[in-house]
Amino acid sequence: MSDLTPPEDTIVEQEQEQAQEWRTAPGWWRRNRWALIAMPLVLALVLALGGYRLYTFWWQQDLHEAVRPQDGTVATLTQAWRDADGDHTRTVSARVVGAQQIIVFKDSEGALQPVDRMDGTSVWALTLEVEADPDQVLSGCSYEVVDNRGRITTGSPHTIAFSLSADACVPASTPGPQYQMGELWGFDDEESAPRPQTYTVPLYIRLVSDAVPTELRISWEVPKYLALPVPAAAP
C-alpha cells in the first residue's frame with residue numbers, strides 16, 4: 001500500500017503548481033469582461049423595443065387624450081381623420097343635458113317599447129346635445145360611461161334593441177354624411193336630408209343596479225375622446 005502513496009514532496013509540488021495556475025489564470029471579471037461591457041447595450045435595446053411595442057400597440061391604439069369642457073358643460077373636439085376620399089378635419093361640440101333610468105324607449109318608428117329587464121341591472125338614457133356643421137361626418141361614434149365607483153361600461157343602442165340604429169351619435173332620420181370606404185363600399189348621401197346644426201340624441205347604457213353615471217366618453221378616432229360630465233341623474 002505504501003508503494004501506491006506518492007511521496008510527500010511530490011504532493012507539495014502538485015499543490016504549489018495548482019496554486020500557481022489559480023494565480024495566473026484570468027479571473028471571472030476578466031473572463032467575462034466583454035459580456036459585461038455589452039450588457040448595458042443589450043438592456044437598453046430590450047427597453048427600447050419594449051417601449052416601441054407599448055407605443056405602437058397600446059398608446060397609438062387606445063383612448064388617452066381626453067377633451068373636457070372648459071366651462072364645465074360643453075366640450076369641443078377637433079381631430080384629423082382619413083377615409084377613401086382623403087384627409088379631413090372633424091370639429092364637434094357636445095354636452096350631456098340629461099340622464100335618467102328608463103323602463104320604456106322609443107323605437108325607430110317612434111313607438112314606446114318596454115326595456116327588457118335583467119336582474120341586477122338598470123338601463124339609463126343620457127341625452128346628448130351635439131353641435132357641428134351638417135357636412136361633418138359624425139357617424140360611427142363609440143361611447144362608454146364612467147359610474148360613481150369608477151367602473152367603465154361600453155354602451156350601444158343594441159343594448160336596448162337591435163332594431164335601433166347603431167349610429168348612436170346622430171339622428172336616425174338625418175345622420176348626415178358617412179365615411180367613404182371606396183367605390184365598392186361608398187355611401188350615397190345626396191338624397192338624404194341634411195342633419196341639423198344642433199340636435200339631441202339619447203344614448204342608452206345598461207349598468208349594474210348600484211351604478212350612477214358620472215361621465216360620458218365619446219370617440220371617433222383614437223387617441224382623442226370627449227369626456228363629458230353627466231348632470232345630476234334622475235332615478
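User: Two strands pair if DSSP finds at least two bridges between them. Over how many bridges do S7 and S8 pair in the antiparallel sense?

Analyst: The model is predicted: local features need pLDDT of at least 70, side-chain atom pairs count only at pLDDT 80 or more, and totals for chains, interfaces and linings use all residues. Residues are numbered from 1 along each chain as its sequence is written, and side-chain values use heavy atoms, leaving out hydrogens and water. In S8, Glu144 has Thr154 as its bridge partner. The antiparallel pairing of S7 and S8 runs over three bridges.

User: How many helices and strands are there in the chain?

Analyst: Helices (H or I, at least four residues) and strands (E, at least two) are DSSP runs numbered from the N terminus. The order of elements from that end is α-α-α-β-β-β-β-β-β-β-β-β-β-β. The chain therefore holds, by the DSSP runs, three helices and 11 strands.

User: Which strands are the edge strands of the five-strand open sheet?

Analyst: The pairing in this sheet is mixed, and the order is S1-S11-S10-S7-S8. From one strand to the next the twist averages 30 degrees, where axes are lines fitted to C-alpha atoms (for helices over the stretch in contact) and angles run from 0 to 180 degrees between N-to-C directions. Two strands pair on one side only: strand S1 (65–67) and S8.

User: How many of the seven residues of strand S10 are buried?

Analyst: Buried means under 20% relative accessible area, exposed over 50%, and partly exposed in between, with a 1.4 Å probe and protein chains only. S10 pairs antiparallel with S7 over six bridges and with strand S11 (residues 224–229) over four bridges. Strand S10 (residues 213–219) is largely enclosed by the rest of the structure, because the buried residues number six of the seven.

User: In S11, what is the bridge partner of Glu215?

Analyst: S10 and S11 form a hairpin, with four residues between them. In S10, Arg217 is the bridge partner of Glu144. In S11, the partner of Glu215 is Pro229.

User: Which strands stand at the edges of the four-strand open sheet?

Analyst: The strands follow the order S2-S3-S6-S9 with antiparallel pairing. S6 and S9 pair over 11 bridges, and one of the bridge pairs is Thr127 with Pro202 in S9. Each edge strand has a single partner strand, so one side is left without a neighbour in the sheet; these are strand S2 (75–83) and S9.

User: Which cysteine does a disulfide join to Cys141?

Analyst: A disulfide is a pair of cysteine sulfur atoms within 2.5 Å, and by this rule there is one. Cys141 lies in the loop between strand S6 (121–131) and strand S7 (142–147), and its partner, 28 residues apart, lies in the loop between strand S8 (152–154) and strand S9 (198–208). The S to S distance is 2.0 Å, and the partner is Cys169.

User: Is the disulfide of Cys141 and Cys169 left-handed or right-handed?

Analyst: Both cysteines are buried, Cys141 at 10% relative accessibility and Cys169 at 2%. The torsion about the S-S bond is about 80 degrees, so the disulfide of Cys141 and Cys169 is right-handed.

User: Is Leu112 buried or exposed?

Analyst: Leu112 is found in strand S5 (residues 112–114). Its relative accessible area is 58%, so Leu112 counts as exposed.
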